[in-house]
Amino acid sequence: MPYWHHDWHMTGWHFMWMALWWTLILAGIAWIIWSVNNRTRPVGGPDQETPEMLLKKRYARGEIDTDEYRRKLNELRE
């Protein structure tokens, strides 16, 4: 076996290259999962409130009464 080949294994370079490849492979898998999740998520995201949700919150806080809530809800659904 050549001297440089033996020295390469003994200095730890083999382990460092193996660790680097595994890190790159895992980072690539994580990037693929992240990009797939971003493409399937709705544009507004889960935190975006619909007009009906806002109306329900106003009704729950007591800002509007039952009649006004029902009237505005019907207007929104038309």
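How many salt bridges does the count come to by this rule?

## Count and basis

The count comes to 6 salt bridges. A salt bridge here is a side-chain nitrogen of Lys or Arg within 4 Å of a carboxyl oxygen of Asp or Glu.

This is a predicted model, where local features need pLDDT of at least 70, side-chain atom pairs count only at pLDDT 80 or more, and totals for chains, interfaces and linings use all residues. Residues are numbered from 1 along each chain as its sequence is written, and side-chain values use heavy atoms, with hydrogens and water left out.

## Between helices H3 and H4

Glu-52 pairs with Arg-77 in a salt bridge, at 3.3 Å from N to O. Glu-52 sits in helix H3 (residues 51–61) and Arg-77 in helix H4 (residues 66–77), so this pair ties together parts 25 residues apart in sequence. Helices are DSSP runs of H or I, at least four residues, numbered from the N terminus.

Glu-52 is partly exposed, at 26% relative accessibility. Arg-77 is exposed, at 53%. Exposed means over 50% relative accessible area, buried under 20%, and partly exposed in between (1.4 Å probe, protein chains only).

## Within helix H4

Glu-68 and Lys-72 form a salt bridge, 3.7 Å from N to O. Both lie in helix H4, 4 residues apart, about one turn of the helix. Glu-68 is partly exposed at 24% relative accessibility. Lys-72 is also partly exposed, at 24%.

Salt bridges that share partners join Arg-58, Arg-61 and Glu-63 into one network. In the Glu-63 to Arg-61 bridge, the closest N and O atoms are 2.9 Å apart. Glu-63 is partly exposed at 44% relative accessibility. Arg-61 is exposed at 54%.

Note on methods:
Helix = DSSP H or I, 4+ residues; strand = E, 2+ residues; numbered from the N terminus.
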